[in-house]
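Look at the model first, then read on. The notes below go from the whole chain to single residues.

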Amino acid sequence: MPRPPGHDDIESAFLQVRRRNESHTVPLDLEDQWDGTTLLTTTTALCHPHGDDPQQPGLRVGDGLWRLTVVVSCRSGSTARFALVAPPAPAADGPTLPTFPSAGSGAVFRMVRSLEDRAMLKVTGPRRQAELTGFTAGWDRVTVHGRLIAAGLEPSRFTAEAVPRTVGSAVPVRPGWQGNRFTFEVPLSAMSAGGRTARVWDLRLRSGRTKIRIGRRLTDVRHPGKVFRTPFHTVALPTGELLRVHAHVSGAGWAAVSCTVIPTLEDRTR
């Protein structure tokens with residue numbers, strides 16, 4: 001923010017972030033500009049106390065609304081407090097989202113406008129989610145890699161499953177776990193059994209009645225299906241059948257796999 005008028009002898013300044021009886025302070029730097037003005041600036045990471053690594057540096061703020069106030073101290077001994085005016089609403093269009101979840105915890109930190117036109121920080125804690133980190137495709141398999149964000153739940157209790165978008169039953173598979181990171185091979189043989197037409201399957205984790213879809217959600221990309229593009233692959237099953245497989249991210253950001261049995265010459269001449 002610009003240096004407040006009438007306060008040319010600022011000795012120190014800080015940003016106060018407050019919610020009810022909880023308060024944090026972040027020191028502000030005085031930066032002289034080429035046009036003779038002075039800005040009060042700071043840069044700090046925002047962390048959630050129940051999602052991010054406790055060792056990660058930054059300002060740790062929990063769920064709720066936080067008021068933002070700039071406090072300046074002058075060499076004359078006086079102290080002044082200033083509210084921050086809310087920024088203009090971001091443009092609704094563009095390749096990236098104006099607000100997006102933290103890539104580490106899944107928490108959302110968003111600037112909002114109060115009834116008094118003050119800038120406030122709204123913090124929403126991480127939801128249970130399974131973040132896709134990538135696909136690995138080979139000549140005989142497709143492997144899914146991801147990370148589970150589910151505080152209070154033991155990752156190893158989750159199984160993975162492919163769920164058909166049309167009729168049919170879910171196909172379970174046991175993932176391998178390293179902490180909260182999982183890996184599993186897509187059960188292509190079971191998914192393609194008895195079918196000759198293309199079928200699309202969604203991927204999710206399950207523990208009892210808890211079901212969590214796998215997707216690429218911790219991103220600022222507005223249209224993930226158009227950005228995270230993946231190629232088609234031909235996969236050979238142990239039975240000798242060939243599949244045309246497309247492990248991809250849907251337009252809404254969910255992990256999905258389509259598979260089609262490639263007909264043999266014998267099938268075509270029947």
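## Overall build

The protein chain holds three helices and 21 strands. Its radius of gyration is 26 Å, well over the 18 Å that the globule rule gives for 270 residues, so the chain is more spread out than a compact globule. Taken along the principal axes, the C-alpha atoms fill a box of roughly 95 × 40 × 30 Å. This is a predicted model.

Of the 270 residues, 38% count as buried. The chain exposes about 15,700 Å². Carbon and sulfur atoms supply 52% of that area. Among contacts with a separation of 6 or more, 57% are between residues 24 or more positions apart.

Threonine 38 lies in strand β4, which covers residues 38–41. Is threonine 38 buried or exposed? Its relative accessibility is 5%. The cut-off for buried is under 20%, so threonine 38 counts as buried.

The threonine 38 side chain makes a polar contact with the side chain of aspartate 32, at 2.9 Å. Beyond its neighbours within four places in sequence, threonine 38 is in contact with Met1, Pro2, Arg3, Leu30, Glu31 and Asp32.

## Leucine 30

Leucine 30 sits in strand β3, residues 29–32. At 36% relative accessibility, leucine 30 counts as partly exposed. Setting aside neighbours within four places in sequence, its contacts are Ile10, Thr38, Leu39 and Leu40.

Leucine 30 also gives a distance along the chain's extent. Arginine 157 is 127 residues away from leucine 30 along the chain. Their C-alpha atoms are separated by 52 Å.

## Arginine 81

Arginine 81 belongs to strand β8. With a relative accessible area of 52%, arginine 81 is exposed. The cut-off for exposed is over 50%.

Which side chain joins arginine 81 in a polar contact? The partner is glutamine 16, at 2.7 Å. Proline 4 is 77 residues from arginine 81 in sequence. In space the two are 10.0 Å apart, C-alpha to C-alpha.

## Serine 102

Serine 102 lies in the loop between β8 (79–83) and β9. Its relative accessibility is 17%, and serine 102 counts as buried. The side chain of serine 102 reaches the backbone nitrogen of serine 105 at 3.4 Å.

Leaving aside neighbours within four places in sequence, serine 102 is in contact with Asp52, Ala107, Phe109 and Leu218.

## Aromatic rings

How many aromatic pairs does the structure hold? There are two. In one of them, the rings of phenylalanine 182 and phenylalanine 184 have their centres 6.2 Å apart and their planes at 20°, so this pair is stacked. Planes under 30 degrees apart count as stacked. Ring pairs link Trp177, Phe182 and Phe184 into a cluster.

Arginines also lie over rings. Arginine 217 lies over the face of tryptophan 254, at 4.4 Å from the ring centre. Arginine 244 lies over the face of phenylalanine 232, at 4.3 Å from the ring centre.

## Positive phi

Most residues other than glycine have a negative phi. Arginine 20 is not a glycine, yet its phi is positive, about 50°. Arginine 20 is found in the loop between β1 (10–19) and β2 (22–27). Its relative accessible area is 67%, and arginine 20 is exposed.

Aspartate 117 has a positive phi too, of about 70°, although it is not a glycine. Where does aspartate 117 lie? Its place is in the loop between β9 (108–113) and β10 (119–124). At 34% relative accessibility, aspartate 117 counts as partly exposed.

Key. Residues are numbered from 1 along each chain as its sequence is written. This is a predicted model: local features need pLDDT of at least 70, side-chain atom pairs count only at pLDDT 80 or more; totals for chains, interfaces and linings use all residues. Side-chain values use heavy atoms; hydrogens and water are left out. Helices (H or I, at least four residues) and strands (E, at least two) are DSSP runs, numbered from the N terminus. Buried means under 20% relative accessible area, exposed over 50%, partly exposed in between (1.4 Å probe, protein chains only). A polar contact is a pair of N or O atoms within 3.5 Å; within protein, one must be able to donate a hydrogen and the other to accept it, and residues adjacent in sequence count only if both atoms are side-chain atoms. Contact means heavy atoms within 4.5 Å. Rings of Phe, Tyr and Trp (its six-membered ring) pair if their centres lie within 6.5 Å; planes under 30 degrees apart count as stacked, over 60 as edge-to-face and the rest as tilted. A charge sits over a ring if NZ of Lys or CZ of Arg is within 6 Å of the ring centre and within 35 degrees of the ring normal. The radius of gyration is taken over C-alpha atoms; the globule rule is 2.2 Å times the number of residues to the power 0.38. Accessible areas come from the Shrake-Rupley method with a 1.4 Å probe; for residues, only the protein chains shown count as cover.
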